[in-house]
Amino acid sequence: MAMNYRFVGVLLFGLCSAGGAHAAGPQITVTLLGTGSPAPVMNRFGPSTLVEAGGQRFVFDAGRGALQRLRQAGVRWQDVDGVFLTHLHSDHLVGFPDLWLTGWFQGPQRDRPLRVWGPPGTQRMLGLLRRAFAVEIQARIADGAKAEGAVLIAHEIREGQVYAHDGVRISAFAVDHPPLRYAFGYRVDYGGRSVVLSGDTRHSENLVRHATGVDLLIHEVASPETFARAGLSAERSRPVLAHHVTPQVAGEVFRRTHPRLAVYSHIVQPSATEADLLPATRTIYDGPVVLGEDLMVIVVGDQVQVHAAQAAPALDAAPGQAPPRQAP
Ligand SMILES: [Zn+2]
Ligand SMILES: [Zn+2]
């Protein structure tokens, strides 16, 4: 795997006897592109997750800096098959115009339309984005960019299977993230492996239903301590905390769904540390759980392997074009 950052360790979870230690079997590879939330910090970019399975690549949510992280991971925008949006909060979207436009005309130019799945409202938003960037799109085409590469195809979703191709199935399920009317989590299934992304949600029985027995559960979390440390009043923090889950509530979700591995991403506030999150989780849940970090890679196969990035890469850590990553 060609990447321009170093791994410092591999953690293994859930050894499986079937096939023996050397039989990799089907795999789903998950790269946490951004593990943050709205706060504009350097160590956790906006929420975005790359999922690779069966030679296909998908980006779930497109927070701030998604394109930079994708490039650091060695994945070309040309090779991404689609984007799935969990909901239309801006921290999950502000990286989208950058992915779509810069990814299109920079480097190896994208020459095929981009499919985007998202909640009701997605089609209108994408149409408005096209209008907002009409001058830009015409100018790049006049300079030789391939028009097909800027085309967006919207798929507005409901709960249920939303994608199936070559053994990869993606399903959406409703979660609970007021005051938004529509918010979804996603489940990816491939070759008997499974990954669930919670999206943003407070406690959701529907998530528990869809995530029970999953191999990898990527779950959001909010740490009340970090709000207090940031000096935010109870009045300011209360509505935010009411739309997310505390580590204790997440621990209850993990205890009931018993994933082979639980990973925290979408950390609110992004200054939260392991000490803020893991001991509180473990008061409820004693299974495998790790705090996600940007560019952490999790390979879901016979084993669940976590490759932790050494550190958040420096601003200039990725000059030039990273060599493309081999298809999974
Ligand atoms: Zn969010
Ligand atoms: Zn949200």
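Modeller: Two residues are taken to be in contact if their C-beta atoms, placed from the backbone, lie within 7 Å. Please keep in mind as we go that this is a predicted model.

Colleague: With that in hand, which strands does helix H9 lie across, and at about what angle does it run to E14?

Modeller: Helix H9, residues 274-282, lies across E12, E13 and E14, and it runs at about 165° to E14. Helix H8, residues 247-257, lies across E12, strand E13 (261-268) and E14 as well, running at about 160° to E12.

Colleague: How should I place those strands, and in what order do the strands of the open sheet come?

Modeller: The open sheet is formed by seven strands in the order E8-E9-E10-E11-E12-E13-E14, with mixed pairing. Its edge strands are E8 (160-165) and E14 (289-291), each of which pairs on one side only, and from one strand to the next the twist averages 20°.

Colleague: In which sense do E11 and E12 pair, parallel or antiparallel?

Modeller: Strand E11, residues 193-197, pairs with strand E12, residues 216-222, in the parallel sense over three bridges; to find the place on screen, look for Leu197, whose bridge partner in E12 is Ile218.

Colleague: Let us return to the helices: what describes the packing of two of them?

Modeller: Two packed helices are described by the angle between their axes and the distance between the axes. Here the axes of H8 and H9 come within 8 Å and cross at roughly 50°, which means that H8 is oblique to H9. The crossing in which H8 passes H9 is right-handed, and the contact is made by Pro247, Gln248, Ala250 and Gly251 of H8 together with Leu277, Ala280 and Thr281 of H9. By type, the residues of this contact of H8 with H9 are four nonpolar, three polar and no charged.

Colleague: Which residues stand as partners of Val297 in the neighbouring strands?

Modeller: Strand E2, residues 28-34, pairs with E15 in the antiparallel sense over four bridges, and there Val297 is the bridge partner of Thr31. E15 also pairs in the antiparallel sense, over four bridges, with strand E16, residues 304-309, where Val297 stands opposite His307. A hairpin through three residues joins E15 to E16.

Technical notes: Residues are numbered from 1 along each chain as its sequence is written. Chains are lettered from A and ligands numbered from 1 in the order in which they are written. This is a predicted model: local features need pLDDT of at least 70, side-chain atom pairs count only at pLDDT 80 or more; totals for chains, interfaces and linings use all residues. Two strands pair if DSSP finds at least two bridges between them. Helices (H or I, at least four residues) and strands (E, at least two) are DSSP runs, numbered from the N terminus. Axes are lines fitted to C-alpha atoms, for helices over the stretch in contact, and angles run from 0 to 180 degrees between N-to-C directions. Angles under 35 degrees count as roughly parallel, over 145 as roughly antiparallel, 65 to 115 as roughly perpendicular and the rest as oblique. A crossing is left-handed if the near helix is turned anticlockwise from the far one by less than a right angle, and right-handed if clockwise. Ala, Val, Leu, Ile, Met, Phe, Trp, Tyr, Cys and Pro count as nonpolar, Asp, Glu, Lys and Arg as charged, and the others, Gly among them, as polar.
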